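Please look over the sequence and model shown here.

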Amino acid sequence: MALLNADLHCHSVVSDGTLTPEALAARAAANGVELWSLTDHDEIGGQHRAAAAAKANGMRYLTGTEISVTFAGETVHIVGLGFDPDDRDMLQGLVATRGGRATRAREIAAGLAQAGVPDAYEGALRYVGNPDLISRTHFARFLIDAGVCSDMGDVFHRFLTPGRPGYVEHKWASLGEAIAWITRAGGMAVIAHPARYRFTANEEYALFLEFTTHGGRGVEVVTGSHTTAEYAQYADVAQEFGLAASRGSDFHSPEESRTDLGKLPYLPGQLTPVWEVLADRIL
Ligand code: AMP
Ligand code: MN
Ligand code: MN
Ligand code: MN
C-alpha cells in the first residue's frame, strides 16, 4: 500500500496555482499518478471538477483542501482529505476564512507602495483566477513579471515574509475549527509540510499534541516542501503520534514548482498511508 503513486497536495487557478483542475488532472495522470487530490487553499469550489477530471483520466480521487490556520502566532496549513464537498458547515467556515483576504491584499499593496512598488493590488489582481482568493503568490507573480524581483524565493525573502514591507499579520481559522470542519464532513485532517514552520521543538510538540487532541489523524511526510532528511524525521514523528502519513507534491505551476505532480519518493514502508485509513472515501 505504501508503493502507490498518490499525490494528495496541489493547487489550481481556484486558489494560487496556474493550471485549471482539468489541466492538473491530465498532467498528474501523464506523470503516473494513481490517486490524486486537488487541495486549493481555503476553497473547495474546484472539487466536483477535479473529481470528474480524475475519473476522465483514469485516476482515483480524494476530495481535498488546504486550510490556513493561526497557531502560536504562526500560520499553519491543515490539509483536509476525503470530506463531503457539499458539507454546509465546511463551506461556510471556508467563506469566513477567505473573507479577510481582500482587505489584507489592500494592506499588502500599501506596504509595497511605501517600499517603492506602486499599484501592486491592481497588478496582483491580474493573476487572480478566483476573486475570493487573492494570495501572496499572486503578488509574487506580479513582482517577478514587473521585474522587481528575480524569482519566488527573492520575492518572499525581500517583501512578503514577517519583518518585510509587504507582510501583513493575519488571523486565520483556529486549529480546532479547521479540524472540526474537515472531520464533521467525513474527512481526515492532515498537518501540511510540518518542517516549514518556524517553531521551537516545544511549539512543534504542542502543535502535534493539540492537533491529535482535536481529532487530527494525519501528517505529510513525503512532500515537495521537505528534504530527504525531513522525510525520515517526520516518519518518526508520525509513528510517535500515531498519525497516518500523506504524500503530495504541493505543485502550483510548471514554471515555479520544483516538484512536479507524482514525482516524489514513495512513503516509507513502516508508515500507515492516509489512503489506507480513507479507503471508503476514495472516489
Ligand atoms: P497566502 O495564503 O496568501 O498567505 O499565501 C501563501 C502561499 O504563498 C503559499 O501557499 C505558497 O504558495 C506561497 N509561498 C509562501 N512562502 C513562499 C516561499 N518562501 N517561496 C515560494 N512561495 C511561497
Ligand atoms: Mn500556495
Ligand atoms: Mn502550504
Ligand atoms: Mn499547498
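The sections below cover the basis of the model, the metal sites and the ligand site.

## Basis

This is a predicted model, in which local features need pLDDT of at least 70, side-chain atom pairs count only at pLDDT 80 or more, and totals for chains, interfaces and linings use all residues. Residues are numbered from 1 along each chain as its sequence is written, chains are lettered from A and ligands numbered from 1 in the order in which they are written, and side-chain values use heavy atoms, with hydrogens and water left out.

## Manganese ion, ligand 2

Asp16 (OD), His41 (NE2) and His252 (NE2) coordinate the manganese ion (ligand 2) at 2.1 to 2.2 Å. Donors here are N, O and S atoms within 2.8 Å of the metal (3.2 Å for Na, K and Ca); water is not among the atoms, so sites may look incomplete. Along the chain the donors of ligand 2 are spaced D-x24-H-x210-H. Aspartate 16 comes from the loop between strand E1 (6-7) and helix H1 (21-30), and histidine 41 from the loop between strand E2 (35-36) and helix H2 (47-56); the two are 25 residues apart. Helices (H or I, at least four residues) and strands (E, at least two) are DSSP runs, numbered from the N terminus.

Aspartate 16 is buried, at 4% relative accessible area, and histidine 41 is buried at 8%. Buried means under 20% relative accessible area, exposed over 50%, and partly exposed in between (1.4 Å probe, protein chains only).

## Manganese ion, ligand 3

The manganese ions, ligand 2 and ligand 3, are 5.7 Å apart.

## Ligand 1

Residues around ligand 1 (a heavy atom within 4 Å) include Arg101, Arg104, Ser135, Arg136, Met152 and Phe156. Asp16, His41 and His252 are also among them, and these three coordinate the manganese ion (ligand 2).

Polar side-chain atoms lie by oxygen atoms of ligand 1 at 3.0 Å for aspartate 16, 3.3 Å for threonine 137 and 2.9 Å for histidine 252. Helix H4 (101-114), helix H6 (136-145) and helix H7 (152-160) each give two or more residues to the shell around ligand 1.

Key:
Polar contact = N/O pair within 3.5 Å; in protein donor to acceptor, adjacent residues only side chain to side chain.
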